Amino acid sequence: MKSALFFRTIAVALAILILAIMVTQVFFRYVLEDPIMWAEELARYSYVWMVFLAAIFVTAEHSHVTVTLADDRLSQRFRRMWEGLVAFLVAAACFVIAFGSFSWLQEVAGGSSAALGLPSEIYYGVVWGAFILMGLYSVIRGFLILRDKDATNTASEVDQALEESVGA
């Protein structure tokens, strides 16, 4: 579970950073009457990164909201086939979005943010990377389901496979 924990830890740290930035910005703007010019931009960028890193975590842990209205009525065999199909469809959607966002990332490359001067690749690159990782976790989940394994926690399965391959 180390891989998912890494993304969750950074997302939580970014949430704390956003709170600190916004409290500081309110203090400077309304008490000192001297707003920090880069604060809102950094909070906005941190929010985008937090959302996509949390999405990676949720996908890796398979802890997102699911509707099981029809799933509960399927036999164990068909349920596993259905969950495998859904995992591969999610992976396909993630890879399509990643492919599209990569060409978009190339279009916006070279720009920079107004206040911080950060390259646009840093700000927008998380979209591409997040969808690639979410797609990979979904593919792994699909294969685990097809191998008749419990794939409720894909991240721990990935970590276990990595440890076995390194140790072997």
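The legends below describe close-up views of a predicted model.

Residues are numbered from 1 along each chain as its sequence is written, and side-chain values use heavy atoms, with hydrogens and water left out. Because the model is predicted, local features need pLDDT of at least 70 and side-chain atom pairs count only at pLDDT 80 or more, whereas totals for chains, interfaces and linings use all residues.

**View 1. The protein chain as a whole holds 5 helices and 0 strands.** Along the sequence the pattern reads α-α-α-α-α, where helices (H or I, at least four residues) and strands (E, at least two) are DSSP runs numbered from the N terminus. Of the 168 residues, 32% count as buried, a word used here for under 20% relative accessible area, with exposed meaning over 50% and partly exposed in between (1.4 Å probe, protein chains only). The accessible surface comes to about 10,600 Å², of which 69% belongs to carbon and sulfur atoms; accessible areas come from the Shrake-Rupley method with a 1.4 Å probe, and for residues only the protein chains shown count as cover. Among contacts (heavy atoms within 4.5 Å) with a separation of 6 or more, 68% are accounted for by residues 24 or more positions apart.

**View 2. Helix α1 covers residues 2–31.** With 30 residues, α1 reaches 43 Å from its first C-alpha to its last, close to the 44 Å expected at 1.5 Å a residue, the expected span being 1.5 Å times one less than the number of residues. Its buried residues are Ser3, Ala4, Phe7, Ala11, Leu14, Ile18, Ile21 and Gln25. An α-helix has 3.6 residues a turn, so residues three or four places apart point the same way. The helix is followed by Glu33, whose phi is positive, near 55°.

View 3. Arg79 is partly exposed, with a relative accessible area of 26%, as is Glu83, at 28%. By the rule given above, the count comes to 2 salt bridges.

**View 4. The buried residues of helix α3 pack against α4 (120–146).** These buried residues are Gly84, Ala87, Ala91, Cys94, Ala98, Ser101 and Leu105. The 33 residues of α3 reach 47 Å from the first C-alpha to the last, close to the 48 Å expected at 1.5 Å a residue. Just after α3, Gly110 takes a positive phi of about 100°.

**View 5. A nonpolar surface patch of about 700 Å² is made by Leu74, Phe78, Met81, Trp82, Leu85, Val86, Leu89 and Val90.** Patches are made of residues with over 30% relative accessible area and no salt bridge, like charges being joined within 9 Å and nonpolar side chains (Val, Leu, Ile, Met, Phe, Trp, Tyr) within 5 Å. Val90, one of the patch residues, lies in helix α3 (residues 76–108) and is partly exposed, with a relative accessible area of 37%.

Notes
Salt bridge = Lys/Arg side-chain N within 4 Å of Asp/Glu carboxyl O.
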